[in-house]
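Here's a quick tour for anyone meeting this structure for the first time. Have a look at it below, and then we'll walk through a few spots.

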Amino acid sequence: MKIILDAMGGDNAPEAPVLGAIEAAKTWGSQITLVGRGEEILAVMKKHGIETLPDGMEIANADDVVDMHDDPANVVRKRKNSSMIVGLKMLSEDQGDAFVSAGSTGALLSGATLVAKRVKGIRRAAMGPAMPNKAGGKTVICDCGANAECTPEFLLQFGIVGTLFAKKNLGVENPRVGLLNIGTEDTKGTPLQKEAYALLQNAHEKGLVNFIGNVEGREVLLGGVDVVVCDGFSGNVLLKTIEGTAMFMGSLLKRMFKKNIFSKVGYLLCKSGVSDLMKMMDYREIGGTQFLGIKKPVIKAHGSSDTLAFRNAIRQAEEAAKADFSAELEESLKALAAAKEKTDD
């Protein structure tokens with residue numbers, strides 16, 4: 001299995017992606033192709049006293065870099081020699097099993113759609129991060145930012161692709177799918193939510209998704225649902241709110257434990273538990289977010305990813321490649337289309 005890594009994407013490139021890849025290769029024996037400016041990659045290695053790449057690693061030179069200010073709609077044409085687009089082309093030509101980049105989200109989504117291609121029948125690829133929840137599992141938020149404006153049909157497909165992701169990647173036998181809304185009643189929400197509710201309910205009756213109805217944002221962390229379906233605007237607000245809350249709670253814990261000598265002793269007694277909690281909410285431990293609906297796994301790493309984050313993004317890419325559900329997704333979409341034709345008749 002080969003992972004293609006954009007060595008020039010992200011705030012800390014090329015140092016963080018190069019060192020993260022080398023750690024992944026040493027830790028798990030990962031097979032990795034670093035795509036980027038060869039001289040800069042070698043300079044990072046020299047700086048850290050690394051004479052040769054680990055076995056299974058190689059460099060594919062790409063002279064250009066996608067800038068964060070580039071228009072996503074034009075990157076494939078104007079930045080065709082960039083590390084991101086070259087890497088995606090390699091993925092589409094079966095020179096790797098998954099692709100990882102911390103570059104521009106919009107550019108990566110555009111490149112993945114136009115170069116790596118969507119699964120047949122998918123209208124829009126979605127971002128589906130899996131957030132830890134109180135029940136001990138994870139909740140998939142689909143979409144969390146790839147599609148700010150959606151149609152009811154998009155939300156229906158997010159429910160289907162999110163279901164397969166939860167089954168194959170998270171091991172949930174029969175994922176519960178909920179539609180993000182301001183209340184649980186089926187009359188709640190804007191026309192988008194009301195129409196999407198009807199489509200998801202119909203898909204539930206045909207056995208395509210286990211739709212449990214509308215859910216409120218709190219259920220993401222409480223574990224009342226396995227897949228939350230939403231438009232990318234709402235999903236991104238939800239995700240960033242969760243991240244901000246986690247950071248806020250972490251700062252409160254630190255302040256509480258530093259209050260006096262007794263609280264400091266208390267911290268020592270529960271230090272490992274606190275560390276586990278903070279680690280669970282640390283994006284670096286997760287690695288990144290997969291674009292769901294693309295033929296081969298494309299992982300978007302956080303723009304500020306460090307060495308640890310890139311190492312874990314590579315591990316995540318390997319797991320995504322092993323759990324590939326593209327064929328099953330295409331079959332589900334065919335079944336959905338057939339059911340719709342039957343209803344129309």
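Let's start with Gln290, which is buried, at a relative accessible area of 9% (buried means under 20%, with a 1.4 Å probe and protein chains only). Gln290 sits in strand β11, residues 288-292. Leaving out residues up to four places away in sequence, Gln290 touches several others, including Phe165, Asn169, Pro297 and Gln316; a contact here is heavy atoms within 4.5 Å.

A word on the source: this is a predicted model, where local features need pLDDT of at least 70, side-chain atom pairs count only at pLDDT 80 or more, and totals for chains, interfaces and linings use all residues. Residues are numbered from 1 along each chain as its sequence is written, and side-chain values use heavy atoms, with hydrogens and water left out.

Next comes an open sheet of 5 strands, ordered β6-β7-β10-β8-β9 with mixed pairing. β6 and β9 are at the edges with a single partner strand each, so one side of each has no neighbour in the sheet. Strands β7 and β10 run parallel and are joined by 3 bridges (strands pair if DSSP finds at least two bridges between them). Within that pair, Cys142 stands opposite Val229 in β10.

| β6 | 130-132 |
| β9 | 210-215 |

Helices and strands are DSSP runs, numbered from the N terminus: H or I of at least four residues for helices, E of at least two for strands. Helix α9, residues 232-257, lies across β6, β7 and β8.

Technical notes:
Buried means under 20% relative accessible area, exposed over 50%, partly exposed in between (1.4 Å probe, protein chains only). Axes are lines fitted to C-alpha atoms, for helices over the stretch in contact, and angles run from 0 to 180 degrees between N-to-C directions.
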